[in-house]
Amino acid sequence: MERASNAPLARALDAVRGALAPQDALHFVMLLILLRHEAERDAEGRAGRSRAGHAWGAVLSRDLWMRDGGEAVSDVRDGLGEWESRHSRLRDLSPDLRDVRGGELEPLVRCVAEAREPASLFEDCLEHVQREAKGGDYYTPADIAGLLSGLMEPRPGEHVYDPVCGSGGLLLKAHEYVRAHGGQVGELAVYGQDSSRTAVETAAVNLTVHGVDGSLQGPASSLTDDRFESQTFDVIVANPPFNQAGWSQGARGFHRGWRYGIPPEGNANFAWAQHVVSKMSPTESGRGVLLLPTAAASTSRPAELRIRAGLVEDDVLSCVVELPAGLLPHVRNPVALWLFTRSKRSRPGWGSADRTGQVLLIDARDTAAKVGRGRRTLPDEARNRITDTFAAWRGAPGQVSYEDVPGWCRSVAATETAAQNYDILPSRHVGVPVAESEHADEGEQVGDLTRELYSLFEASHRLEAELHDLLRQW
């Protein structure tokens with residue numbers, strides 16, 4: 001069922017269906033949201049009428065609807081002149097609406113003008129884009145983004161970096177976490193880079209309408225053209241494209257971050273893992289979290305196995321959380337969170353917990369909830385249980401003492417994983433889960449079987465790739 005905040009946008013888009021392409025309509029709404037934000041921001045800080053304020057007033061005027069869509073877009077862009085000057089390296093975000101009559105845009109303008117929270121309307125636009133798209137890798141659902149921030153616990157004064165920032169959602173969640181824990185806007189410095197120009201542009205607008213200043217770079221791949229090469233960060237959050245082929249562009253041997261081995265050219269998963277670790281602050285505050293397909297935790301391909309072993313033996317891998325399938329748009333396979341840290345000792349004032357030489361494994365495959373046909377989410381209780389388990393393992397104050405829970409979590413010594421070919425897939429270590437009810441919903445059983453089948457497909461593709469590698473070596 002569509003959430004209530006999305007209904008006005010859906011109605012506005014339906015009203016212009018046939019006159020505008022859905023993508024153009026959404027882009028125009030995003031541009032209007034940015035203009036409204038700039039006009040309201042200027043109104044708060046200036047005594048006179050600003051350029052953005054004049055433009056927003058013109059857009060709301062009935063005179064606008066006597067002109068064509070191209071002129072309407074020109075009015076909007078004129079009002080965004082100051083914002084564009086601050087982002088001069090970004091291209092024009094405006095859709096081409098020259099053949100659209102001005103009156104056909106009125107439902108979209110009314111939708112933005114009547115929105116109580118323009119920033120929330122912008123989030124609705126991003127959700128709509130992702131839901132209608134045939135593919136894409138720049139959107140992380142709010143529940144997963146919230147889980148990443150809850151595990152990283154960013155603090156005021158820290159620097160947070162997303163090397164594949166997409167629309168900027170993970171950076172915004174980090175800000176939201178700080179505010180929810182008593183911090184203020186501006187007390188967290190955020191940095192992002194992406195290889196997609198559209199993603200960088202969208203992230204710039206997204207941060208702006210949420211009142212967040214950030215440093216964004218791109219379009220350029222963080223793996224081959226790191227625009228923050230001389231910097232490290234307190235927190236790194238990343239949801240990269242999975243199993244990315246052709247990522248190296250011939251430069252993989254020259255990256256200073258390949259400490260544990262050169263990743264295979266046909267799969268960037270362990271390039272991202274090493275990049276996250278290389279960008280963590282060398283102090284005890286350095287930590288990061290990365291989403292990867294579950295196969296990365298147990299693959300036996302030589303290059304990837306070597307890197308995974310290095311991460312374990314160097315004691316920078318602190319936790320792996322195996323998540324349910326179907327949580328990410330356009331990714332049916334199950335995924336896992338990999339958490340990295342420079343220190344496994346308790347923070348000052350937390351006590352004397354020391355997890356050196358250990359890795360926490362959490363099997364959260366059975367925690368998803370259905371939110372409509374074909375859609376699943378991670379409910380609050382599941383996210384809280386994951387973050388509480390990790391916090392207890394680290395010895396955080398206010399938590400019960402950590403204990404292994406069969407079927408849920410287990411703290412495993414690095415020596416044990418070494419004896420098992422550094423297999424760190426949680427479901428193979430945590431023990432037998434609680435037996436499921438014999439009266440489980442038939443539809444849920446079919447869904448579980450379907451997800452298991454997709455997992456087997458993934459394993460089949462992985463084995464095929466490994467066989468190809470072996471044959472090439474011969």
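## A guided tour of the predicted model

The side chain of Q358 makes a polar contact of 2.6 Å with the side chain of S411.

**Stop 1: Q358 and its surroundings**

Select Q358, which is found in strand 8, residues 358-363. Leaving aside residues up to four places away in sequence, Q358 touches D315, L317, S318, K344, W393, S411, V412 and A413. Please display these residues together with Q358 before moving on.

Next, select strand 8 and strand 11 together. Strand 8 and strand 11 pair in the antiparallel sense, over five bridges. Which residue of strand 11 does L361 stand opposite? The residue opposite L361 is R410.

**Stop 2**

Nine strands form an open sheet with mixed pairing, and their order is 3-2-1-4-5-7-6-8-11. Which strands stand at the edges? They are strand 3 (214-217) and strand 11 (409-413); each has a single partner strand, so one side of each is left without a neighbour in the sheet. From one strand to the next, the twist averages 15°.

**Stop 3: Strand 6**

Select strand 6, residues 317-322. Six of the six residues of strand 6 are buried, so this strand is largely enclosed by the rest of the structure. Strand 6 pairs with strand 7 in the antiparallel sense over five bridges, and L317 has F340 as its bridge partner in strand 7. Strand 6 is also joined to strand 8, by four bridges, and these two strands run parallel. To see one of the positions involved, select V321, whose bridge partner in strand 8 is I362.

**Stop 4: Strand 5**

Continue to strand 5, residues 287-293. Is strand 5 enclosed or open? Seven of the seven residues of strand 5 are buried, so the strand is largely enclosed by the rest of the structure. In a regular strand, the side chains alternate between the two faces of the sheet.

Strand 4 (residues 235-238) and strand 5 run parallel and are joined by four bridges; the bridge partner of I236 in strand 5 is G288. Strand 7 (residues 335-341) and strand 5 run antiparallel and are joined by seven bridges; here V289 has L339 as its bridge partner in strand 7.

**Stop 5: Helix 11**

Select helix 11, residues 269-279. This helix is mostly covered, with eleven of its eleven residues buried. The buried residues are N269, F270, A271, W272, A273, Q274, H275, V276, V277, S278 and K279. What covers these buried residues? The cover includes strand 1 (159-162), strand 4, strand 5, helix 12 (302-313) and strand 7. Display these elements around helix 11 to view the arrangement.

**Stop 6: Helix 3 and helix 6**

Two packed helices are described by the angle between their axes and the distance between the axes. Select helix 3 (residues 51-60) and helix 6 (residues 106-114), whose axes come within 10 Å and cross at roughly 125°. Helix 3 and helix 6 are therefore oblique to each other. The contact is made by W56, V59 and L60 of helix 3 and by V109, V112 and A113 of helix 6.

**Stop 7: R86**

Select R86, which lies in helix 5, residues 81-86. Its relative accessible area is 41%, so R86 is partly exposed. Not counting residues up to four places away in sequence, R86 touches E38 and R41. A polar contact of 3.4 Å joins the side chains of R86 and E38.

**Last stop: The whole chain**

Finally, return to a view of the entire chain. The chain has 15 helices and eleven strands. Of its 474 residues, 53% count as buried. Among contacts between residues at least 6 apart in sequence, 74% join residues at least 24 apart.

Methods
Residues are numbered from 1 along each chain as its sequence is written. This is a predicted model: local features need pLDDT of at least 70, side-chain atom pairs count only at pLDDT 80 or more; totals for chains, interfaces and linings use all residues. Side-chain values use heavy atoms; hydrogens and water are left out. Axes are lines fitted to C-alpha atoms, for helices over the stretch in contact, and angles run from 0 to 180 degrees between N-to-C directions. Angles under 35 degrees count as roughly parallel, over 145 as roughly antiparallel, 65 to 115 as roughly perpendicular and the rest as oblique. Contact means heavy atoms within 4.5 Å. A polar contact is a pair of N or O atoms within 3.5 Å; within protein, one must be able to donate a hydrogen and the other to accept it, and residues adjacent in sequence count only if both atoms are side-chain atoms. Buried means under 20% relative accessible area, exposed over 50%, partly exposed in between (1.4 Å probe, protein chains only). Two strands pair if DSSP finds at least two bridges between them.
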